Amino acid sequence: MNISGQGTYGFGMEWMEVPTKWWRFKLSGRVEITPENLVLGGVHYGKTRFKEYFYFNNNFTFSHGWGGMLNANFEPTYRCYDRTYHSVYNVGGRIYKDFMGDKLQVAVDFTALGNRRKLDRSTGPNTISYRYTTPVQYVGLSLVWNFSGGKQVDVNVIDGTQEYRETKDNR
């Protein structure tokens, strides 16, 4: 069944801090506000729903090319029409070592802790549940080669699981 479009409004807040030369972090939160006005299966959904997101991202830069990231996120349980999306969380990061003047990077990526999505859908008196049961724990090894060319600009970013450098081609 196709339903009409759904409007969502939202706002967020961030706090970035550099407590030491080698550690940067960002705390952020966002709230989405979704008004409902729809009839599905004879049931009128006319509430205003809220969905929150919370993030804590850390970036560590040490001497001799060592660095890392440690990030956590959390989404509390929220509802949308006939569905309940149960809370999810994730804690993961990266430890890396740069070689050859930052041209080569060897990294270990990991997800240490987490809870995958569980979804309940109410259909009349019945509830159907879906659960993602694949384990969230993960360890991976990556090898990155940065090609030279253009002008390299350092960009301080800690939103996500990976720091990046922007390269612009000046031709």
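This is a predicted model: local features need pLDDT of at least 70, side-chain atom pairs count only at pLDDT 80 or more; totals for chains, interfaces and linings use all residues.
Residues are numbered from 1 along each chain as its sequence is written, and side-chain values use heavy atoms, with hydrogens and water left out.

**Exercise 1. Find out how many helices and strands the protein chain has.**

Step 1: Helices (H or I, at least four residues) and strands (E, at least two) are DSSP runs, numbered from the N terminus.

Step 2: read off the tally. The protein chain comes to 0 helices and 15 strands.

**Exercise 2. Work out the strand order in the open sheet of 7 strands, and which strands stand at its edges.**

Step 1: two strands pair if DSSP finds at least two bridges between them. On that basis the order is β1-β2-β5-β6-β9-β10-β13, with antiparallel pairing.

Step 2: look at the ends. β1 (9-20) and β13 (138-145) each have a single partner strand, so one side of each is left without a neighbour in the sheet.

Step 3: check the turn between neighbours. On average, neighbouring strands of this sheet are turned by 15° against each other, direction ignored. Here axes are lines fitted to C-alpha atoms, for helices over the stretch in contact, and angles run from 0 to 180 degrees between N-to-C directions.

Step 4: zoom in on one pair. β1 and β2 (residues 23-35) run antiparallel and are joined by 10 bridges. Met 13 has Gly 29 in β2 as its bridge partner.

**Exercise 3. Trace the pairing of β11 with β8 and with β12.**

Step 1: start with β8 (residues 83-85), which runs antiparallel to β11 (residues 118-123) and is joined to it by 3 bridges. Tyr 85 has Leu 119 in β11 as its bridge partner.

Step 2: move on to β12 (residues 126-131), which pairs with β11 in the antiparallel sense over 6 bridges. Across this pair, Arg 121 is partnered by Ile 128.

Step 3: look at the connection. The hairpin of β11 and β12 has 2 residues between the strands, and Gly 124 takes a positive phi near 65° there.

**Exercise 4. Follow some of the salt bridges and say which parts they link.**

Step 1: a salt bridge is a side-chain nitrogen of Lys or Arg within 4 Å of a carboxyl oxygen of Asp or Glu. The structure holds 7 of them.

Step 2: take Lys 26 and Glu 14, whose side chains meet at 3.5 Å, N to O. Lys 26 lies in β2 and Glu 14 in β1, so the pair ties together parts that are 12 residues apart in sequence. Lys 26 is buried at 5%, whereas Glu 14 is exposed at 55%.

Step 3: go to Glu 75 and Arg 117, at 2.8 Å, N to O. This pair links distant parts of the chain, 42 residues apart: Glu 75 is in β6 (residues 66-75), and Arg 117 is in the loop between β10 (104-115) and β11. Glu 75 is buried at 16%, and Arg 117 is buried at 17%.

Step 4: finish with Arg 94 and Asp 109, at 2.6 Å, N to O. Arg 94 lies in β9 (residues 88-99) and Asp 109 in β10, so parts 15 residues apart in sequence are tied together. Both residues are buried.

Notes: Buried means under 20% relative accessible area, exposed over 50%, partly exposed in between (1.4 Å probe, protein chains only).
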